[in-house]
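This report looks at a few local sites in one chain. View the structure first, then read on.

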Amino acid sequence: MYTPRSAEWFVGDSEISVMHRVALRNSGVTEDLESGRPLIGIADSSSTLNPCNLPLRSLVEDAERGIREAGGIPVVFPVMSLGEDLMKPTAMLYRNLLSIEVEEYARSYPLDGLLLLAGCDKSLPGALMGAASANLPTLAVVSGPRAAGVLDDTRLGTGTALWRADHERQSGTRGTAAWKSFERALACGPGTCNTMGTASTLAILTEVLGFMLPGTAGAAAGSVARADAAYRSGITLTETVLRADPADTPQRILTESAFRNALVTLCALGGSPNAVIHLIALAGRMGITLDADTLDRISREVPVIADIEPAGAGLLADFDRAGGTPSLLHTLDTLIDADLRAADGRPWRTHLRAAETVSGQSPVAPANGTEAQRVSGPVAPANGTEAHPAPSLDAPADDTEHEPSARPGHLAGTARPIRPLTDPVAPEAFAVLRGNLAPRGSLIRLATAPDLRRVHTGPALVWHSYAQMRREVHDPNLAVTPDTVLVLTGAGPVGAPGMPEWGVIPIPRVLAAQGVTDMLRISDGRMSGTAFGSCIVHVSPEAAIGGPIGLVQTGDLISLDLDARSLNVDIDAAELEARLAARVQPEPADLRGWPLLYRRHVGQADTGCDFDFLTAHTPEQRRVVQPVVGLS
Ligand code: FES
């Protein structure tokens, strides 16, 4: 017979059990706490400071209803709202803090299961890492992509459109009035980025890993499908908790095969480079070392088939209408392990079959960017496979004819948001580069760098701080040519701190005005998943801990050889040694508090930027130590 973990708090007639029952009763929980019904914690990360997560607030009721109907008792607790736009220097500085918060909520309170309401880039991985360490049955519900703003009959993909418009401004093709109208059009309501940025990528990967109901990652913010996802997740999670099967705990779900499926999916999406860091960190909590070279190998084998910005032309709404994750995995079924468990406990294979059975439906309807509507009140329960009918998108092997993609963001969307493997958007998504500039590796997203020269040697133009780069990059007298390699250091996990998305260095105005749209850029920071261009990021080790990228000087020759996967600076070892000996590291400004703690414990990009004391290499480290339940 099932006995919930929370029973230790509530069952009995001691003064301590009485105190616990009264405490929840004072919070308005009127259910019989001695009945053995599980307490399901809803981690609510909504905030008006974070428009990406704001829609989650309205999903709480839907989730509570599902939990109650399935026999659970919902309790809601707030968690830090990590919003990408407003938190500085970067929400990434707080991802590990959120993970600690979720883990310690789960450990210290009488919770039997976790429903994570998350959305923005760091919000979902941070919460998932905490839940994985806590090892309670867990599901996630995301806020969903926001509607697209429309300007001049073109849908605006979040982030991607902004970077494009800014380049046009710098090149002189977009004037002040057009820049202002663009700003007005860009504000189109709450929800996550509607492109294949980090939030969308992570939502889909969370689904693939088995922590989000199949087909729900792409449902629009405020839509009926989104509310339905919250409701059904409440039901499914409670049923999972009541089943009390150890196979349903994160440490059993997050296997090497599950991470391999996630990497295959990431490559097929041409997804955010940030996802690589988060997957490595999540795997590290499970004692699994995700090797960047594995990603490189998979990337050579799995083409990019999601025709979604910034790698492609569509938006998340198109991906969702094309059947979302089940349809994507159906197309990838020879490349993934379809016997792994989806979030409803059934093998993915059953969902792929469901995707196949509805083949022939139109993959995409014209989108106008305004279709998302909040519908309040109860929504009809669904069975988890019917909410997003999925067409088969497999094409015959000789099907080389296809509708060309619409221009990015155009109202017509894209003809095939999920392409067949025989007709990809790009042949490979990522490359992992090493050399004397990046001994522990660096990453480039090839899917969003179509103009990258596979072999390139050019002189470096180096900035050792973000502030300096921002001051100088648009200087009309900047000594720069299209062959110059822009280098930014001080953007890493320790140096910034937090590893902000400073790696997309703008094309200098002097070159933009000449029509240059891309050039090679290198940094020890990250890049936005919504951004594009020839940006080598995640250079490890970073400058702030003595990495060689910090020793590069303006004028040094940097060489990239993509086929050899190499990234080198043309300085001999003796000169590098001499520069290292002479280097004076800048004193960090933060001498106390969270930034100090963060700098002391954060790992480099190749370890997922997790804290050394949060990773768990051994079963003993992964053991969840329960609190003594007595007087507080
Ligand atoms: Fe929050 Fe993109 S900025 S999801």
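## Arginine 526

Arginine 526 sits in the loop between strand E11 (521-523) and strand E12 (535-537). Helices (H or I, at least four residues) and strands (E, at least two) are DSSP runs, numbered from the N terminus. The model is predicted: local features need pLDDT of at least 70, side-chain atom pairs count only at pLDDT 80 or more, and totals for chains, interfaces and linings use all residues. Residues are numbered from 1 along each chain as its sequence is written, and side-chain values use heavy atoms, leaving out hydrogens and water.

Arginine 526 has a relative accessible area of 1%, so it is buried (under 20% relative accessible area; exposed is over 50%, partly exposed in between; 1.4 Å probe, protein chains only). Its side chain makes a polar contact with the side chain of asparagine 274, at 3.0 Å. A polar contact is a pair of N or O atoms within 3.5 Å; within protein, one must be able to donate a hydrogen and the other to accept it, and residues adjacent in sequence count only if both atoms are side-chain atoms.

Strands E13 (residues 557-561) and E14 (residues 566-569) run antiparallel, joined by four bridges. Pairing requires at least two DSSP bridges between two strands. Isoleucine 558 has valine 569 in E14 as its bridge partner. Four residues separate the strands of this hairpin. In the turn, arginine 565 has a positive phi of about 55 degrees.

## Threonine 158

Threonine 158 lies in the loop between strand E6 (154-156) and helix H6 (160-171). Its relative accessibility is 11%, so threonine 158 counts as buried.
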